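Hi,

Here is the structure I promised to pass on. Have a look at it first, and then read on for what turned up in it.

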Amino acid sequence: MGFEAFDAQFLPLNCPEWQQVEAITVHSVSEELRSQVGIEFAGKAILRIDLHDYSCTESFSAVFCNTHRVFIGYNDYLLIISPHQKTFTQIKLTGYFSAIYSDDEDHELGQDLLIASADRLVRVNAFGEIIWISAHIAEDGIIVNHTKNHVIDVLCEIDPPYDWQELQLDLQTGQIIDN
């Protein structure tokens, strides 16, 4: 189980190639299967996640994989899968799930992730453990523009539908930085 990252994607519902793969059922508030995610490791299908909830729309759902976990953001949840152990934890977000931000040219996060919901940011480590949850900073959306020098630059929609405010948060604490 080296350092290869998992691969995962939303599947067409009841995709024939994935029906024989072991499955975990999540959030069974409904008997109706609404969405599925397939997880692969080293090019082999190892696990299917069956989501019995509202269907995941492309604009408000995302999958992110690393060498430890698979993160699925959908509806108002962040699902953290440990594929080799076939276990999961679920974080209930306040408001809807919006986006997952990872380390890239615009975001200096190391192995951590930022999860945006309608009104808060959540920082988790590579294993999905919560580092911090920000205060309520928006009403209907958060966009993380940059994360550099331990400062998170965000746009927060504070009065929908078009009143956005720029804020800066401390990467270590999630607290608003007063300018």
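To start with the charged pairs, the structure holds five salt bridges, a salt bridge being a side-chain nitrogen of Lys or Arg within 4 Å of a carboxyl oxygen of Asp or Glu. Before I go through some of them: this is a predicted model, where local features need pLDDT of at least 70 and side-chain atom pairs count only at pLDDT 80 or more, while totals for chains, interfaces and linings use all residues. Residues are numbered from 1 along each chain as its sequence is written, and side-chain values use heavy atoms, with hydrogens and water left out.

One of the bridges joins K92 and D76, at 2.4 Å from N to O. K92 sits in strand β8 (residues 87–92) and D76 in the loop between β6 and β7, so this bridge ties together parts that are 16 residues apart in sequence. Helices (H or I, at least four residues) and strands (E, at least two) are DSSP runs here, numbered from the N terminus. D76 is partly exposed, at 21% relative accessible area; buried means under 20%, exposed over 50%, and partly exposed in between (1.4 Å probe, protein chains only).

Another bridge pairs R123 with D112, at 2.5 Å from N to O. It links distant parts of the chain, with R123 in strand β11 (residues 121–124) and D112 in the loop between β9 (97–101) and β10, eleven residues apart. R123 counts as buried at 8% relative accessibility, and D112 counts as buried at 12%.

E32 and R34 form a salt bridge too, with their closest N and O atoms 3.4 Å apart. Here E32 is partly exposed at 46%, and R34 is partly exposed at 32%.

Now for the inside. The largest nonpolar core has 18 residues, and I39, I49, V70, I72, L79 and I81 have the most contacts inside it. Such a core is a set of buried Ala, Val, Leu, Ile, Met, Phe, Trp, Tyr and Cys residues joined through side-chain atoms within 4.5 Å. β2 (23–26), β3 (35–41), β4 (44–51), β6 (70–74) and β7 (77–82) each supply at least two of its residues, and β4 gives the largest share, four residues. Apart from this core lies another, of 17 residues, including I142, V144, V154 and C156.

Last, have a look at S117, in strand β10 (residues 113–117). S117 counts as buried, at 1% relative accessibility, and its side chain reaches the backbone oxygen of T94 at 3.1 Å.

Cheers

Technical notes. Polar contact = N/O pair within 3.5 Å; in protein donor to acceptor, adjacent residues only side chain to side chain.
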